[in-house]
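Subject: Structure for you to look at

Hello,

Here is the structure I said I would pass on. My notes on what was found in it follow below.

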Amino acid sequence: LGIKVLSVYAFSTENWKRPQAEVDYIMELMHSYLSQNLLELKENNVRLRFIGDMSRLSDKLRAVFIRSENDMKD
């Protein structure tokens with residue numbers, strides 16, 4: 001498609017005000033998507049960079065973000 005850069009706004013500070021069940025679902029959705037699609041993203045030369053304050057994210061989700069960035073940095 002010729003897309004060089006795509007920025008995705010995935011989770012704002014306002015979203016933390018949602019019911020805890022919704023926040024948990026969104027976090028699990030991000031984790032499962034990345035975990036299941038990392039190879040396909042890499043095969044398609046996608047490079048991921050996560051920006052913003054990640055201090056409130058679970059260790060599990062931060063780990064998959066870091067792994068994704070490292071696996072696709074080149």
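**Contacts of L34**

Not counting residues up to four places away in sequence, L34 touches L41, L48, F50, V64, F65 and S68, where contact means heavy atoms within 4.5 Å. Before going further: this is a predicted model, in which local features need pLDDT of at least 70 and side-chain atom pairs count only at pLDDT 80 or more, while totals for chains, interfaces and linings use all residues. Residues are numbered from 1 along each chain as its sequence is written, and side-chain values use heavy atoms, with hydrogens and water left out.

**The core**

L34 is also among the residues with the most contacts inside the largest nonpolar core, together with M27, L61 and F65. That core has 13 residues. A nonpolar core here is a set of buried Ala, Val, Leu, Ile, Met, Phe, Trp, Tyr and Cys residues joined through side-chain atoms within 4.5 Å. Buried means under 20% relative accessible area, exposed means over 50%, and partly exposed lies in between (1.4 Å probe, protein chains only).

Two helices, α1 (20-43) and α2 (59-71), each supply at least two residues of the core. Its largest share, six residues, comes from α1. Helices are DSSP runs (H or I, at least four residues), numbered from the N terminus.

**Helix α1**

The buried residues of α1 are V23, M27, M30, H31, L34, N37, L38 and L41. What covers them includes α2.

How far apart are the end C-alpha atoms of α1? They are 35 Å apart, which agrees with the 34 Å that its 24 residues should span at 1.5 Å a residue. The expected span is 1.5 Å times one less than the number of residues in the helix.

At N37, α1 bends by about 60°; the bend is the angle between axes fitted to the seven residues ending at a residue and the seven starting there. Just after α1, N45 takes a positive phi of about 60°.

**The loop between the helices**

R47 lies in the loop between α1 and α2. R47 is exposed, with a relative accessible area of 56%. Leaving aside neighbours within four places in sequence, R47 is in contact with M72 and K73. The C-alpha atoms of R47 and M72 are separated by 5.3 Å, although the two residues are 25 apart along the chain.

**Salt bridges**

Side chains of opposite charge can pair when their charged atoms come close. A salt bridge is counted when a side-chain nitrogen of Lys or Arg is within 4 Å of a carboxyl oxygen of Asp or Glu. By this rule the count comes to four, and the following are among them:

- E28 and K60 form a salt bridge, with the closest N and O atoms 3.1 Å apart. E28 lies in α1 and K60 in α2, so this pair ties together parts that are 32 residues apart in sequence. E28 is partly exposed at 37% relative accessibility, and K60 is partly exposed at 46%.
- R62 and D59 form a salt bridge, with the closest N and O atoms 2.4 Å apart. Both residues are in α2, and because they are three residues apart, about one helical turn separates them. R62 is partly exposed at 25%, whereas D59 is exposed at 59%.
- K17 and E14 meet through their side chains at 3.3 Å, N to O. K17 is exposed, with a relative accessible area of 64%.

Regards
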